[in-house]
Amino acid sequence: MQASGRHAGLGLALVSAFAFGGSGVAAKPLIEAGLDPLHMVWLRVAGAALVLSPIAWRHRDLLRRKPALLAGFGLIGVAGVQAFYFASLSRIPVGVALLLEYLGPALLLGWIRFVQRKPVTRAAAAGAAVAVVGLACVVEIWAGLSLDPLGVLLGLAAACCQAFYFVFADQGADGDDVPDPLGVIAYGMIIGTLVMTVIARPWQMDWQVLGGDASLNGTLLPAGLLLGWVVLIATVLAYLTGVVSVRRLSPQVAGVVACLEAVIATVLAWILLGEHLSTWQIVGGGLVLGGALIAQSARPTPPAAADPAVLDHQTATA
């Protein structure tokens with residue numbers, strides 16, 4: 001049963017990575033059509049909040065039971081990752097910003113080991129190290145070594161927020177009062193929308209873009225169709241499967257598997273947008289995949305055996 005749960009968790013983590021990875025391919029044509037990147041993020045989060053609002057109402061008791069969890073997930077796991085990542089993009093190359101963001105799983109391992117004082121499996125640590133090296137190849141970090149210090153700090157802030165996304169996703173999963181992941185995601189999107197509204201100022205958006213077409217590598221598609229993909233697949237489905245996978249695997253393993261998002265995004269951009277891959281990017285993708293496979297091979301530490309004297313006492317009193 002435990003093995004089947006892990007396999008299901010790995011499958012969900014892969015679905016989440018694929019869903020997240022497709023966001024850029026669908027969003028880029030909308031940005032090229034005239035949408036500001038921050039407005040794109042606001043549409044993504046606000047659309048997901050609208051879709052999930054009936055679920056938020058159904059789980060409204062979470063506001064009383066888990067207010068800190070909801071606030072943390074919305075502020076850090078949704079708005080924080082997006083805002084810091086796009087702020088970083090404005091100052092440093094895209095590939096370097098992406099690599100910095102995906103240092104999140106490595107930072108997560110440090111949080112688990114040194115702050116929570118929980119053991120970190122060698123497989124998870126090795127997988128994270130291999131995945132980071134692979135990501136450096138995927139984004140070809142050597143092409144952007146003259147970096148703006150503030151841009152780097154903003155990218156690291158995005159990585160910290162991503163690490164805490166996995167922490168919040170796993171919060172309370174082992175207790176008696178386990179919050180429903182659907183409810184957590186729904187309220188996270190609502191809170192994230194409120195924060196992003198202040199940052200993005202959607203009232204300044206060119207709304208006419210959404211009523212026209214956008215070019216996907218020369219193919220004209222309705223802007224509404226692309227936005228629907230970003231909202232329903234790359235956000236709602238991605239966050240839902242991501243949070244559930246964390247609970248079935250562990251934050252440290254799911255975090256490393258999530259690094260596949262960058263590889264998937266690069267491959268989809270190659271196929272759908274005509275952005276060709278270099279040899280180093282292909283090698284890097286293989287390394288990230290290998291790191292994910294190494295990490296998911298980790299086995300949870302079995303519970304300590306009970307004291308024989310205690311067992312004898314329980315047997316005698318049974």
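## First stop: the hairpin

Select N217: its relative accessible area is 48%, so it counts as partly exposed. That class lies between buried, under 20% relative accessible area, and exposed, over 50% (1.4 Å probe, protein chains only). The model is predicted, so local features need pLDDT of at least 70 and side-chain atom pairs count only at pLDDT 80 or more, while totals for chains, interfaces and linings use all residues. Residues are numbered from 1 along each chain as its sequence is written, and side-chain values use heavy atoms, with hydrogens and water left out.

N217 sits in the loop between strand 1 and strand 2. Helices (H or I, at least four residues) and strands (E, at least two) are DSSP runs, numbered from the N terminus. Check the backbone of N217: phi is positive, about 55°, although the residue is not a glycine.

Two strands pair if DSSP finds at least two bridges between them. Two residues lie between the strands of this hairpin.

## Second stop: R201 and helix 10

Which loop holds R201? R201 is in the loop between helix 10 and strand 1. Its phi is also positive, near 55°, and it is not a glycine. R201 is partly exposed, at 44% relative accessible area.

Step back to residues 181–200, helix 10. Its 20 residues reach 27 Å from first C-alpha to last, close to the expected 28 Å. The expected span is 1.5 Å times one less than the number of residues. At the N-terminal end, show the D180 side chain. D180 caps the helix, with a side-chain oxygen 2.8 Å from the backbone nitrogen of L182.

Colour the buried residues of helix 10, among them V184, I185, Y187, M189 and M196. What covers them includes helix 3 (37–58), helix 4 (62–65), helix 5 (67–89) and helix 11 (223–248).

Select helix 11. It has 26 residues and reaches 36 Å between its first and last C-alpha, close to the expected 38 Å. Centre on A238, where helix 11 bends by about 30°. The bend is the angle between axes fitted to the seven residues ending at a residue and the seven starting there.

Go to Q162, in helix 9 (residues 149–170). Is Q162 buried or exposed? Q162 counts as buried, at 7% relative accessibility. Show its contacts (heavy atoms within 4.5 Å). Leaving out residues up to four places away in sequence, Q162 touches V81, E101, Y102, G104 and P105.

Next, pick C160 and C161. C160 is partly exposed, at 38%, while C161 is buried, at 9%. The whole structure has zero disulfides; a disulfide is a pair of cysteine sulfur atoms within 2.5 Å.

## Last stop: helix 8

Select residues 122–138, helix 8. Its 17 residues should span 24 Å, and its end C-alpha atoms are 24 Å apart, which agrees. Buried residues here include A123, G127, A131, L135 and C137. Finish on E140, which follows helix 8 and has a positive phi near 50°.

Technical notes. A polar contact is a pair of N or O atoms within 3.5 Å; within protein, one must be able to donate a hydrogen and the other to accept it, and residues adjacent in sequence count only if both atoms are side-chain atoms.
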